[in-house]
Amino acid sequence: MTIPEPLDVVDVLLVEDDDGDVLMTQEAFEHHKIRNKLHVVKDGEQALQFLHREGEYADAPRPGLILLDLNLPRRDGREVLAELKNDPELRVIPVVVLTTSEAEEDILRSYSLHANAYVSKPVDFERFIEVIRQIDDFFVTVVKLPQ
């Protein structure tokens, strides 16, 4: 009998200012026993500090996946996405825009800024945690990510 290799734990950065959505995402990770480590920042400025390992985030891990809300305080998700994808070291990190907006202009703009996926947040709790599980399954289990 072969023993399967242990899966690597992936650091996931959630950039979300809504405490309810943060809580639902955390619960989705727990509910589906997602082994990946979830890090949370509340605004675009903190996200960039985390990614650039500045200030209180000097020891932050490099995330393997970013879940990014668009409507954030200080710097919105579009600005974060643009800066992230213009940085040669950071642009390889997959970014899933996870937002309440279903506006066509937000979808087009996100993809033009090189988002890897655009997902509208379901309002139903059960559907929300299922979406988080599917994102995790796809980007962490199915897709091969750069080290």
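Reply: Let us begin with a term: a salt bridge is a side-chain nitrogen of Lys or Arg within 4 Å of a carboxyl oxygen of Asp or Glu. Keep in mind that this is a predicted model, where local features need pLDDT of at least 70, side-chain atom pairs count only at pLDDT 80 or more, and totals for chains, interfaces and linings use all residues. Residues are numbered from 1 along each chain as its sequence is written, and side-chain values use heavy atoms, leaving out hydrogens and water.

Me: Which residues form salt bridges with arginine 78?

Reply: The general idea is that side chains of opposite charge can pair when their charged atoms come close. Here, arginine 78 forms a salt bridge with aspartate 76, with 3.0 Å between the closest N and O atoms. Arginine 78 also forms one with aspartate 106, again with the closest N and O atoms 3.0 Å apart. Helices (H or I, at least four residues) and strands (E, at least two) are DSSP runs, numbered from the N terminus.

Me: Is arginine 78 buried or exposed?

Reply: Buried means under 20% relative accessible area, exposed over 50%, and partly exposed in between (1.4 Å probe, protein chains only). Arginine 78 has a value of 13%, so it is buried, and aspartate 106 is buried at 11%.

Me: How many salt bridges are there by this rule?

Reply: The count comes to 13. One of them joins the side chains of aspartate 43 and arginine 74 (3.1 Å, N to O). Aspartate 43 sits in the loop between β2 (37-41) and α2 (44-52) and arginine 74 in the loop between β3 (65-68) and α3 (77-86), so the pair ties together parts 31 residues apart in sequence. Aspartate 43 is buried at 7%, whereas arginine 74 is exposed at 58%.

Me: Where does aspartate 69 lie?

Reply: Aspartate 69 is in the loop between β3 and α3, and is buried at 5% relative accessibility. A network of salt bridges links Glu16, Asp21, Asp69 and Lys121. An unreviewed UniProt entry places the feature "modified residue: 4-aspartylphosphate" at Asp69. UniProt positions are in the numbering used here, feature names are shortened, and annotations may be inferred rather than shown by experiment.

Me: How do I read the sheet?

Reply: Two strands pair if DSSP finds at least two bridges between them. The five strands make an open sheet in the order β2-β1-β3-β4-β5, with parallel pairing. β2 and β5 (117-120) are at the edges with a single partner strand each, so one side of each has no neighbour in the sheet. Further in, β1 and β3 pair over four bridges in the parallel sense, and leucine 14 has leucine 67 in β3 as its bridge partner.

Me: What is in the largest nonpolar core?

Reply: In soluble globular proteins, nonpolar side chains tend to be buried together. A nonpolar core is a set of buried Ala, Val, Leu, Ile, Met, Phe, Trp, Tyr and Cys residues joined through side-chain atoms within 4.5 Å. The largest here has 23 residues, and those with the most contacts inside it include Leu13, Val41 and Leu68. β1 (11-15), α2, β3, α3 and β4 (95-99) each supply at least two of its residues, and α2 gives the most, with four.
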